[in-house]
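Colleague: Before I rely on any terms, I would like to hear what stands behind each one. Please take them in turn.

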Amino acid sequence: YAAEPRLPCLYANPAVRDILRRCVSGWRKVVGCMVGLGIPSPCLSSALAFFDGLRCGRLPASLLQAQRDFFGAHRYERIDSPSGKLFHTVWESPSQPPADRQSTL
């Protein structure tokens, strides 16, 4: 940060980004091996998850959105619809017949 104090995070520095990109394959192998052996590695695995989040423009949050909508009718936006248009799915219950599964509120 001394050379570029306005960086939002170290990954924004090209030299750091290049190092991480070169090492990420080995990093994934180490974390995968540790998980496979049942060895806890909270720092390595959460840092890898954070790194993956940094480098992705859009993450698949659809499962989380579906769970929130199911349990609390929180509604959600879809990427194939205009921003601000909210949807709610009418979730099927074993005791109720299937209904129109999607509605806009």
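Colleague: Which residue just after α1 takes a positive phi?

Modeller: Gly 38, with a phi of about 75°. This is a predicted model, where local features need pLDDT of at least 70, side-chain atom pairs count only at pLDDT 80 or more, and totals for chains, interfaces and linings use all residues. Residues are numbered from 1 along each chain as its sequence is written, and side-chain values use heavy atoms, with hydrogens and water left out.

Colleague: Where does α1 bend?

Modeller: At Cys 23, by about 45°. The bend is the angle between axes fitted to the seven residues ending there and the seven starting there.

Colleague: Why are Val 24, Trp 27, Val 31 and Met 34 called buried?

Modeller: Buried means under 20% relative accessible area (1.4 Å probe, protein chains only). Those four residues of α1 are buried, so each falls under that cut-off. The buried residues of α1 pack against α2 (42-55). Over the protein chain, buried residues make up 16% of the 105 residues.

Definitions and conventions:
Helix = DSSP H or I, 4+ residues; strand = E, 2+ residues; numbered from the N terminus. Buried < 20%, exposed > 50% of the residue type's maximum accessible area, 1.4 Å probe, protein only. Contact = heavy atoms within 4.5 Å.
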